[in-house]
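Visitor: Could you walk me through this structure? I'd like to go one topic at a time.
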Amino acid sequence: MYLSKNEAALLPTTLPPGTASTQGRRARPARGLWPLLGPAFIAAIAYVDPGNFATNFSGGASFGYTLLWVIVAANLMAMLVQALTAKLGLATGRDLATLCRERLPRPVTRGLWLQAEAVAIATDLAEIVGGAVALNLLFGVPLPVGGLITAVVAFVLLAAQSRGHRPFERVITGLLLVIGLGFGYTLIGSGVDVAGAAHGLVPSFAGPESLVLATGILGATVMPHVIYVHSALTPGRYGDAVTAGRSPAGRRRLLRAQRLDVLLAMGLAGLVNAAMLIVAAQLFTGPGQASSLESVHAGLGEQLGSGTAIAFALALLASGFASSSVGTHAGQVVMAGFLRRSIPLLARRLITVTPALVVLLFADDPTTALVWSQVVLSFGIPFALVPLLWLTSRRDVMAGWVNRRITTVIGAVVAALIVGLNLHLLLDLVLG
């Protein structure tokens, strides 16, 4: 892989301190970092996929600002998780699924692969359904046909990756900006209740139904499949990072680029998610309000005008297209890593898209299916997060990149909170 001048500037140098080259790099550190941004933006698109639209609007419409703290907490968790998975790829030159296969017993590896495939199906359901709903809202395309169009467009977007990482990153980042601009425009029209938003930052629930939505918001935000895919995007992305990171100075430079990437990408995704819930809380709070993506679109048109409704539908369409292509790439990473096998993209796409088409053909309310698909994703988070924490805390795996103890402790607390929330939801469902 060939590096640009700016990318090469990030790698450790053998020139003595004070030379012109070193002084130039120190004088313009940001200019040397910007060309290295990108992997986290591909991961971030999964944090604003159609599942987020469904859970965030449902949460805001049903409970006002009450669950805003869940979005903030989930986004902070996402920053930690994505920083760890990117660091794993940098330190080892391999992705999380491959390292699990190399370090864990075969039965455990097979189990992790099976649950990862289940997560891939739940992810695809949300993305295909969201894209289909957007096409229906914008152009009146029947839902099943819209689902097929979304699947085909995902292939086209993924083809950009064959031309190198930059074209794919630019396309996905552009679609992420479309989503952000759409909700920025909508938020300006709806306004914000500052006191209500401040109250919503205090952790609380409003009954079992709010717990279901909180779990869905968490599953839609901390996405299990991008924990795998982000670790596969960083090896080779910064040149020979394993060699470059052997010195403390080299590690600091690489980690600075990676952390800035995560901070910017996940920060943008977090703002978009918060904007969704705030808009719903401002405009749709009340029984039966915003019960589906279609009703959100109609309500925005009635209250803020047709331009806002179109902006919402375009943001949903960009989300469905972009997240579907990232999900397809994640499926390739999971199978190749866990099994050292691959199947043709068309065959994989047909397998994962089938449940979504069934929902589009027969479900009365696709939005409800979207919410429950995100609950399934929440149950898949620990199966990716626990191996990630275990690997990044091992010096024999990470060498000088190993986690600090406080990082591992915070990650363990995050994992425990997610598992506890899932178990609480299960008990509520079982006990009625």
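**A walk through the model**

Guide: We can start with R110, which sits in helix α8, residues 106–139. Helices here are DSSP runs of H or I with at least four residues, strands are runs of E with at least two, and both are numbered from the N terminus. This is a predicted model, where local features need pLDDT of at least 70 and side-chain atom pairs count only at pLDDT 80 or more, while totals for chains, interfaces and linings use all residues. Residues are numbered from 1 along each chain as its sequence is written, and side-chain values use heavy atoms, with hydrogens and water left out.

Visitor: Is R110 buried, exposed or partly exposed, and why?

Guide: R110 counts as partly exposed because its relative accessibility is 37%. Buried means under 20% relative accessible area, exposed means over 50%, and partly exposed is in between, with a 1.4 Å probe and protein chains only.

Visitor: Which residues gather with R110 in a patch of positive charge?

Guide: R106, R340 and R341 gather with R110 in that patch on the surface. Patches are made of residues with over 30% relative accessible area and no salt bridge, joining like charges within 9 Å and nonpolar side chains (Val, Leu, Ile, Met, Phe, Trp, Tyr) within 5 Å. A salt bridge is a side-chain nitrogen of Lys or Arg within 4 Å of a carboxyl oxygen of Asp or Glu. Lys and Arg count as positive, Asp and Glu as negative, and His and the chain ends are not counted. The place of a charge is NZ of Lys, CZ of Arg, CG of Asp or CD of Glu. Accessible areas come from the Shrake-Rupley method with a 1.4 Å probe, and for residues only the protein chains shown count as cover.

Visitor: Where is R340 found?

Guide: R340 is in the loop between α17 and α18 (345–362). R340 counts as exposed, at 66% relative accessibility. Its phi is positive, about 55°, although R340 is not a glycine.

Visitor: What about A399, where is that?

Guide: A399 lies in the loop between α20 (395–398) and α21 (405–430). A399 is not a glycine either, yet has a positive phi of about 55°. At 42% relative accessibility, A399 is partly exposed.

Visitor: New topic. How many aromatic pairs does the count come to?

Guide: The count comes to seven aromatic pairs. Rings of Phe, Tyr and Trp (its six-membered ring) pair if their centres lie within 6.5 Å; planes under 30 degrees apart are stacked, over 60 edge-to-face, and the rest tilted. One of the pairs is F57 with F312, edge-to-face at 5.6 Å centre to centre and 85° between the planes. F57 is in helix α5 (residues 50–63) and F312 in helix α17 (residues 306–339), so this pair links distant parts of the chain, 255 residues apart.

Visitor: Are F57 and F312 buried or exposed?

Guide: F57 is buried, with a relative accessible area of 1%, and F312 is buried too, at 2%. F53, F57, F183 and F312 form one aromatic cluster.

Visitor: Last one. Which residues form the nonpolar patch on the surface?

Guide: I406, V409, I410, V413 and L417 form the patch, with about 440 Å² of accessible area together. I406 is in helix α21 and counts as exposed, at 52% relative accessibility. L421 is also found in helix α21, but L421 counts as buried, at 17%.
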